[in-house]
Amino acid sequence: LKRAEDGEGLILRLHEPHGSRGRASLRFPRRLQRVERVNLLEEPGGGPAPVLSDDGLTVHLDLRPFEVISLRIVVSA
C-alpha cells in the first residue's frame, strides 16, 4: 500500500501466491469514492475492473494464478 505517484488516492498491490483462480473481497473501514484497476505504472487499465459494493466499503475482484494486481483506491472525504 502506498500513496499514488500523482497524489490521487492510494495504490494497493495484491498477489495470488498459490497458483489458483478465485474471487477476493476486500473490506475497508472507510467508504471508498472510487476503485480502479491500474497497471504497474499506475495508468488506467490492466485487466477487468473491480466491483465496488453499494455500501462503498467492499471491493470484489477475480484473481488469476500468480497474478499481481494494482488498484487505485480513492477514499471518500
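Arg27 is exposed, with a relative accessible area of 57%, where exposed stands for over 50% relative accessible area, buried for under 20% and partly exposed for what lies in between (1.4 Å probe, protein chains only). Its side chain meets that of Asp55 in a salt bridge at 3.3 Å from N to O, a salt bridge being a side-chain nitrogen of Lys or Arg within 4 Å of a carboxyl oxygen of Asp or Glu. The pair links distant parts of the chain, since Arg27 belongs to strand β3 and Asp55 to the loop between β5 and β6, 28 residues apart. Asp55 counts as partly exposed, at 34% relative accessibility.

The model described here is predicted, and for that reason local features need pLDDT of at least 70 and side-chain atom pairs count only at pLDDT 80 or more, while totals for chains, interfaces and linings use all residues. Residues are numbered from 1 along each chain as its sequence is written, and side-chain values use heavy atoms, with hydrogens and water left out.

The chain holds seven strands and zero helices, where strands (E, at least two residues) and helices (H or I, at least four) are DSSP runs numbered from the N terminus. Its radius of gyration, taken over C-alpha atoms, is 12 Å, close to the 11 Å that the globule rule gives for 77 residues, so the chain is as compact as a globular protein of that length; the rule itself is 2.2 Å times the number of residues to the power 0.38. Along its principal axes the C-alpha trace spans about 35 × 30 × 20 Å, and buried residues make up 36% of the 77 residues. Of the contacts with a separation of 6 or more, 73% are accounted for by residues 24 or more positions apart, contact meaning heavy atoms within 4.5 Å.

Strand β3, which carries Arg27, belongs to an open sheet of three strands in the order β3-β6-β5, with antiparallel pairing; two strands pair if DSSP finds at least two bridges between them. Both β3 (22–27) and β5 (51–52) stand at the edges with a single partner strand each, so one side of each is left without a neighbour in the sheet. Six bridges join β3 to the antiparallel strand β6 (residues 58–63), and Arg23 has Asp62 in β6 as its bridge partner.

Another open sheet is formed by four strands in the order β1-β2-β7-β4, again with antiparallel pairing. Here β1 and β4 stand at the edges, and each has a single partner strand, so one side of each lacks a neighbour in the sheet. Between β1 and strand β2 (residues 10–15) the antiparallel pairing extends over two bridges, with Lys2 standing opposite Ile11 in β2.

Lys2 also takes part in a salt bridge with Glu42, the closest N and O atoms being 2.7 Å apart. Because Glu42 lies in the loop between β4 (32–38) and β5 whereas Lys2 lies in strand β1 (residues 2–3), the pair ties together parts that are 40 residues apart in sequence. Glu42 counts as buried at 9% relative accessibility, while Lys2 is partly exposed, with a relative accessible area of 28%.

The side chains of Glu36 and Arg72 likewise meet in a salt bridge, at 3.4 Å from N to O, and this pair links strand β4 with strand β7 across 36 residues. Glu36 counts as partly exposed at 22% relative accessibility, whereas Arg72 is buried, with a relative accessible area of 4%. Salt bridges that share partners also join Lys2, Glu5, Arg13 and Glu42 into one network, and the structure as a whole holds 10 salt bridges.

Arg13 leads on to Ser70, whose side chain makes a polar contact of 2.5 Å with the side chain of Arg13. A polar contact is a pair of N or O atoms within 3.5 Å; within protein, one must be able to donate a hydrogen and the other to accept it, and residues adjacent in sequence count only if both atoms are side-chain atoms. Ser70 is found in strand β7 (residues 68–75) and is buried, with a relative accessible area of 3%. Apart from neighbours within four places in sequence, the residues in contact with Ser70 include Leu12, Glu36 and Leu40.

The largest nonpolar core has 13 residues, of which Leu14, Leu26, Phe28, Val59, Leu61, Leu71 and Ile73 touch the most other members; such a core is a set of buried Ala, Val, Leu, Ile, Met, Phe, Trp, Tyr and Cys residues joined through side-chain atoms within 4.5 Å. The elements giving two or more residues to this core are β2, β3, β4, β6 and β7.
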